[in-house]
Amino acid sequence: MTQPLNIRPLLDPEISALLAASPVDIGGVLASLTNESIVDIRAMFSATPPPPLSDTIERTDHVLVDRGTATLRVHRPKNLVGQRPCVYWMHGGGLVLGDNKMDDVRFDSWCNEYGIVGVSVDYRLAPEYPYPTPLEDCYAGLAWVHQNAESLGIDATRIGIGGASAGAGLAAGLALLARDRGDLSVAFQLLIYPMIDDRQITVSSTWSDPIWSPAANTFGWTAYLGDKKGTSDVEPYAAPARATDLSGLPPTLISVGALDGFSDEDIDYAVRLRHAGVAVELHVYPGAPHGFDTFGDFTAISRRAIAETNSWLQGQIS
């Protein structure tokens, strides 16, 4: 039987040093997620001061009618002219944490650099709102973007979707759902270390990732799927790794750290997309755990990942 890998000695040295110096053990906090602790953990993350943003981007919030508390934030350069590509984004947080303000900085960069419109969806969270509510919130938001494309200055033929972690898993599920329902077009999908397999049966899913541990992953999936987690009753829209037909999906980027607990499921998904005739690009970053790109300018491997993601995105929207 394969023994769980001790990934600590294999971590990128810059990432290892940053984790050791951090005053908060984020991985330990996330590993302690329970139905009782989740309110306090959400409060801890939401108390983080917002980063500074430029004044060149107009940000407006919109309520999704008939979708409870789900909302959208539209990021639009103030000097935008004509109909431009759009990136529709789903935030991370293991399906149980976070909000769409997490990606304000991302769109501050992308909208200024590439002259696009960004839309981030604040979907409702599990366990209060299990599957399919979060995914259907995301679908309703994508429909809203298509319906309002002209007034927002969006080219409806160039609306791509994406996300990070749980958000990337939702994006992958959304791509499948949009393909099968046939009423919303998706130009590409940008999947940053997507959370796509509830079964936790791969070798890497057992690894003690210092950010998103197996215990945290179990909690997130159980909150989302309840007693169905790991059973044959889970739909591929909920856990896209279960999809058997990946044909007809849009061009895809999958980016993941080599030490991420999701690495096996993400690499396998990329391989199966390729076998299905989908134009897919896979980037696996050595020494990198889950969430490594959030270290930004502080590590060489995160700088490289961000630059390569941005290059791929630029190729899709140009």
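Good morning. I begin with a pair of charged side chains: Arg 59 and Asp 108 form a salt bridge, with their closest N and O atoms 2.6 Å apart. This pair joins distant parts of the chain, since Arg 59 belongs to strand β1 (residues 57–63) and Asp 108 to helix α4 (residues 104–114), 49 residues apart. Please bear in mind that the model is predicted. Arg 59 is partly exposed, at a relative accessible area of 26%, whereas Asp 108 counts as buried, at 11%.

By the rule applied here, the count comes to 15 salt bridges. Among them, Asp 155 pairs with Arg 158, at 3.1 Å between the closest N and O atoms, and Arg 179 meets Asp 180 at 2.8 Å, N to O. Both partners of the latter pair are partly exposed: Arg 179 has a relative accessibility of 25%, and Asp 180 one of 41%.

I turn now to Asp 293, in the loop between β8 (280–285) and α10 (300–317). This residue is buried and yet has no salt bridge. Why does Arg 106 not count as a partner? Arg 106 is the nearest side chain of opposite charge, but it lies 4.8 Å away, and a salt bridge requires the nitrogen and oxygen to be within 4 Å. The side chain of Asp 293 does make a polar contact with the side chain of Tyr 193, at 2.4 Å. Asp 293 also touches Ile 192, Ser 302 and Ile 306, among other residues.

Finally, the surface: Val 24, Met 44 and Phe 45 form a nonpolar patch, with about 220 Å² of accessible area together. Val 24 lies in the loop between α1 (13–21) and α2 (26–31). Thank you.

Note on methods
Residues numbered from 1 in each chain as written. Predicted model: local features only at pLDDT ≥ 70, side-chain atom pairs only at ≥ 80, totals over all residues. Heavy atoms only, no water. Patch = residues over 30% accessible without salt bridge, like charges linked within 9 Å, V, L, I, M, F, W, Y side chains within 5 Å. Areas by Shrake-Rupley, 256 points an atom, 1.4 Å probe, with all protein chains shown as cover. Helix = DSSP H or I, 4+ residues; strand = E, 2+ residues; numbered from the N terminus. Buried < 20%, exposed > 50% of the residue type's maximum accessible area, 1.4 Å probe, protein only. Lys, Arg positive; Asp, Glu negative; His and termini not counted. Polar contact = N/O pair within 3.5 Å; in protein donor to acceptor, adjacent residues only side chain to side chain. Contact = heavy atoms within 4.5 Å. Lists of a residue's contacts leave out its neighbours within four places in sequence.
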